[in-house]
Amino acid sequence: MPAKTDHDARRRDVSAAVWRVVAEGGFGALTLRSVAAELGASTGLVTHYFGSKQQLIRHALELAEERTRALIPELTDLRTALAAVLPTTPEATEISRVWVSSWDVALAEPELRDLERARYRRWRTRLRPLVIKAQSVGDLPPGDPGDLATGLAAFAHGLVVQALFDPTTYTPKRQLRILDTHLAGLRPSD
């Protein structure tokens, strides 16, 4: 009698292989064949769970979203939230590499572009109450909290990109110092 396959465990294995492929080679490296090779299995096994490259891409983006949420589960203050997205740890660096790599495929595909637009909207929405809190204690200037959240998200992601391309110059310690300098520069003078 053949052994019963644990489909949930197998799907987790395939998901882990998808993540490793994307984290190492970006979305350009993500193919049914590359995931199968990473898994040490046939492409038939991979297509059992993901029938196309598009499904693999969507799944990789879902994994990135899950890992990002796990990295920053509870946002209590603005500085902590912004620091959490910087590539200051191996895990955060891997997640950042995946997100930056995803931009190319998301810009080329309308459905993925819509998913990314929604993801950025969620990120700004999560930052907004932290901006309001910082404004209320005088750490940020008055003004539209949505605009400030957008600017801070853009600043953090710009620093992410610089750190990914030049990790020797933008060490974790320096990234945090740059973040602190930026936030201090936004503080209204008395």
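Biologist: Which residues touch the most other members of the largest nonpolar core?

Modeller: Val18, Phe27, Leu30 and Val35 do, among the 27 residues of that core. A nonpolar core is a set of buried Ala, Val, Leu, Ile, Met, Phe, Trp, Tyr and Cys residues joined through side-chain atoms within 4.5 Å; buried means under 20% relative accessible area, with a 1.4 Å probe and protein chains only. The model is predicted: local features need pLDDT of at least 70 and side-chain atom pairs 80 or more, while totals for chains, interfaces and linings use all residues. Residues are numbered from 1 along each chain as its sequence is written, and side-chain values use heavy atoms, leaving out hydrogens and water.

Biologist: With which residues is Leu30 in contact, leaving aside its neighbours within four places in sequence?

Modeller: Contact means heavy atoms within 4.5 Å. Leu30 has such contact with Val18, Val21, Val22, Val35, Lys53, Leu56, Ile57 and Ala60.

Biologist: What makes α4 roughly parallel to α7?

Modeller: Helices are DSSP runs (H or I, at least four residues), numbered from the N terminus. The axes of α4 and α7 (residues 110-136) cross at roughly 10 degrees and come within 11 Å. Angles under 35 degrees count as roughly parallel, therefore α4 is roughly parallel to α7. Gln54 and Ile57 of α4 are among the residues making the contact, as are Glu111 and Leu112 of α7.

Definitions and conventions:
Buried < 20%, exposed > 50% of the residue type's maximum accessible area, 1.4 Å probe, protein only. Axes fitted to C-alpha atoms, helices over the stretch in contact; angles between N-to-C directions. Helix = DSSP H or I, 4+ residues; strand = E, 2+ residues; numbered from the N terminus. Parallel < 35°, antiparallel > 145°, perpendicular 65-115°, else oblique.
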